[in-house]
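Please read it alongside the coordinates.

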Amino acid sequence: NENFKTRELKDILPENNQNIVLVPQILTNHAKDFIYTSKKIEALGYSEINLNLGCPSGTVVSKGRGAGFLAKKEELNAFLEEIFTESSMKISVKTRIGKEQPEEFYALLDIFNQYPISELIIHPRVQTDYYKNRPNMKVFKEALQLSKNPVCYNGDLFTANDCKEFMEQ
């Protein structure tokens, strides 16, 4: 939208987020909207923005946003080309490994590797898993080797012990 809702603006105003690192996140499949919003966020003093390609919600996915955008590889590539050409901010991407099958991730990674993503945050489940099933650690480990961008893990780390075990793996 042209303007932030009052709640959205309150959430990202720098004076409401002192002493923390905040990276605002955008959920869209329209490059012009992403660019417009990123410029407004940059004017607030932020230097990085996150693109959410991980949301599995049915209402989001049905509109081709979040993890739903992952099924439209040509459109996603054109979108990324436009936002990385037009935006002056660092852009991180949160993604799932596909919409329905883990094997979709390799074609997605080929797309992601074309762009200077500041951080590729991978939730190693497909959209249809929502938050069920186990994260696909095989695909995540391969992403560590194949990604040209820095990789971050997202998912199912609930305790300090979970984090310790993850780091040991």
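Gly 98 is buried, at 0% relative accessibility (buried is under 20% relative accessible area, exposed over 50%, partly exposed in between, with a 1.4 Å probe and protein chains only). The model is predicted: local features need pLDDT of at least 70, side-chain atom pairs count only at pLDDT 80 or more, and totals for chains, interfaces and linings use all residues. Residues are numbered from 1 along each chain as its sequence is written, and side-chain values use heavy atoms, with hydrogens and water left out.

**Around Gly 98**

- Gly 98 sits in strand 3 (helices are DSSP runs of H or I with at least four residues, strands are runs of E with at least two, and both are numbered from the N terminus).
- Setting aside residues up to four places away in sequence, Gly 98 touches Leu 70, Glu 104, Leu 108, Arg 125, Val 126 and Gln 127 (contact means heavy atoms within 4.5 Å).
- Gly 98 and Leu 108 are separated by 10 residues in sequence and by 7.8 Å in space, C-alpha to C-alpha.

**Nonpolar core**

- The largest nonpolar core counts 37 residues (such a core is a set of buried Ala, Val, Leu, Ile, Met, Phe, Trp, Tyr and Cys residues joined through side-chain atoms within 4.5 Å).
- Leu 80, Ile 83 and Phe 112 have the most contacts inside this core.
- Two or more core residues come from each of helix 2, strand 2 (48–53), helix 4, strand 3 (90–98), helix 5 (104–112), strand 4 and helix 6.
- Leaving out neighbours within four places in sequence, Ile 83 contacts Ala 31, Phe 34, Ile 35, Leu 51 and Ile 91.

**Salt bridges**

- Side chains of opposite charge can pair when their charged atoms come close.
- The whole structure has six salt bridges (a side-chain nitrogen of Lys or Arg within 4 Å of a carboxyl oxygen of Asp or Glu).
- One of them joins Lys 32 and Glu 82, at 2.6 Å from N to O.
- Lys 32 is in helix 2 and Glu 82 in helix 4 (residues 73–86), so this pair ties together parts 50 residues apart in sequence.
- Lys 32 is exposed, at 61% relative accessible area, while Glu 82 is partly exposed, at 25%.
- Arg 125 pairs with Asp 156, with the closest N and O atoms 2.7 Å apart.
- Arg 125 lies in strand 4 (residues 120–126) and Asp 156 in the loop between strand 5 (151–153) and helix 7, so the pair ties together parts 31 residues apart in sequence.
- Arg 125 is buried, with a relative accessible area of 1%, whereas Asp 156 is partly exposed at 32%.
- Lys 138 and Glu 142 form a salt bridge at 3.1 Å, N to O.
- Both Lys 138 and Glu 142 belong to helix 6 (residues 137–146), four residues apart, or about one turn of the helix.
- Lys 138 is exposed at 55% relative accessible area; Glu 142 is partly exposed at 26%.

**Pockets**

- The largest pocket has a volume of about 710 Å³.
- On a 1 Å grid over the protein atoms alone, a pocket is an open set of points with protein on both sides within 12 Å along at least five of seven lines; a cavity is a set where a 1.4 Å probe fits but cannot get out; lining residues have an atom within 4 Å of a point.
- Grid points are joined across faces, edges and corners, and a volume is the space filled by probe spheres set on the points.
- The largest pocket has 23 lining residues, with Glu 8, Gln 25, Ile 26, Leu 27 and Thr 37 nearest its centre.
- Helix 1 (6–12), strand 1 (25–26) and helix 2 each give two or more residues to that lining.
- Helix 2 gives the most, with five residues.
- By class, the lining of the largest pocket has nine nonpolar, six polar and eight charged residues (Ala, Val, Leu, Ile, Met, Phe, Trp, Tyr, Cys and Pro count as nonpolar, Asp, Glu, Lys and Arg as charged, and the others, Gly among them, as polar).
- The second largest pocket has a volume of about 280 Å³.
- Its lining includes Arg 134, Tyr 153, Asp 156 and Phe 166.
- Helix 7 (residues 160–168) supplies the largest share of the second pocket's lining, three residues.

**Cavity**

- The structure holds one cavity of 30 Å³ or more.
- The lining of the largest cavity comprises Ile 35, Ser 38, Lys 39, Glu 42, Glu 86, Ser 87, Ser 88 and Met 89.
- Helix 2 (residues 31–43) contributes the largest share of this lining, four residues.
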